[in-house]
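Work through the exercises below with the model open beside you. Try each task before you read its solution.

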Amino acid sequence: SLQQLFEIFMKDKGEKLSPKTKEQYVGIWEREIRSRFARKKMALIKPETLKKFHHKLSQKSAYIANRAIAIIRSMYNYAIRECLYQYKNPTRSVILNREIPRVRALTPKELANLLSTFKTYSDSNIKDFVLIALSTGARKSNILSMKWENIDLDIGKWLIPKTKTDQNVTLPLVPIIVDILKKRKQYDISNSVWVFPAHSKS
């Protein structure tokens, strides 16, 4: 059964996994996989069944659905290598969801420390650009093409339309960045639609 394979797999591979990865494997197995597949014989779990499982779980979380299939795929690959299973991996035809890469942005405290080093910096465009980039983790092209119509200064949100992942992305703006943007808007005598008008796309 898949339950037996999971126990063998974790006993052999568990020590080689990081504590965080091991915790994720066990958590997703217990919450998402065990009740559906634990008692099933490995040879009876078909690709179409796993496709439907992935599709249904994707409606709850695209990330969790991908991780669940990745765990099952690793288990079957292990079984094939160890001669515990002689057929093809049934996860081979499951197409995983596209995931938006996670980015590392500065914390408000880190941002405040950096801001203090910029107090005597004369070029406000460069200073503001760097602070926005570090606080949001956004791409250079997205920052240079920022439009006021996509920024809500009241709630601190920035909508980036159609990123490289072909999806709209909304990023939170910390208070320091909201203040910077308010000042830029206040002192922009050209009333440009762009946050960085001298460098934005025409």
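Predicted model: local features only at pLDDT ≥ 70, side-chain atom pairs only at ≥ 80, totals over all residues.

**Burial and overall shape**

Residues are numbered from 1 along each chain as its sequence is written, and side-chain values use heavy atoms, with hydrogens and water left out.

**Exercise 1. Describe the overall fold and dimensions of the chain.**

Step 1. List the elements. The chain has eight helices and three strands. These are DSSP runs, numbered from the N terminus: helices are H or I with at least four residues, strands are E with at least two.

Step 2. Read their order. Along the sequence the pattern is α-α-α-α-α-α-α-β-β-β-α.

Step 3. Check the radius of gyration, taken over C-alpha atoms. The chain has 24 Å, while a compact globule of 202 residues would have a value near 17 Å. The globule rule is 2.2 Å times the number of residues to the power 0.38.

Step 4. Take the box. Along the principal axes, the C-alpha atoms fill roughly 70 × 30 × 25 Å.

Step 5. Look at contacts (heavy atoms within 4.5 Å). Among those with a separation of 6 or more, 58% join residues 24 or more positions apart.

**Exercise 2. Work out the sheet, strand by strand.**

Step 1. Set the order. The three strands form an open sheet, β1-β2-β3, with antiparallel pairing. β1 (151–152) and β3 (169–172) are at the edges with a single partner strand each, so one side of each has no neighbour in the sheet. Two strands pair if DSSP finds at least two bridges between them.

Step 2. Pair β1 with β2. Two bridges join β1 to β2 (residues 157–160). I151 has W158 as its bridge partner, and D152 stands opposite K157.

Step 3. Inspect the turn. Four residues lie between the strands of this hairpin, and G156 takes a positive phi near 70°.

Step 4. Pair β2 with β3. Four bridges link them in the antiparallel sense. L159 stands opposite T170 in β3.

Step 5. Sort the faces of β2. In a regular strand, side chains alternate between the two faces of the sheet. W158 and I160 are on the covered face of β2, K157 and L159 on the uncovered one.

**Exercise 3. Which residues other than glycine have a positive phi?**

Step 1. Recall the background. Most residues other than glycine have a negative phi.

Step 2. Take C83. Its phi is positive, about 60°. C83 is in the loop between α4 (62–81) and α5 (108–117). At 71% relative accessibility, C83 counts as exposed.

Step 3. Take N191. Its phi is positive too, near 55°. N191 lies in the segment after α8. N191 counts as exposed, at 66% relative accessibility.

**Exercise 4. Characterise the largest pocket.**

Step 1. Get the volume. The largest pocket holds about 410 Å³ of space.

Step 2. Find the centre. Of 19 lining residues, S124, D128, I180, K183 and R184 are the closest to it.

Step 3. Assign elements. α6 (124–136) and α8 (175–186) each give two or more residues to the lining. The largest share, five residues, comes from α8.

Definitions and conventions:
1 Å grid on protein atoms, 1.4 Å probe; cavity = no way out; pocket = protein on both sides within 12 Å on 5 of 7 lines; lining within 4 Å. Points joined across faces, edges and corners; volume = space filled by probe spheres on them. Buried < 20%, exposed > 50% of the residue type's maximum accessible area, 1.4 Å probe, protein only.
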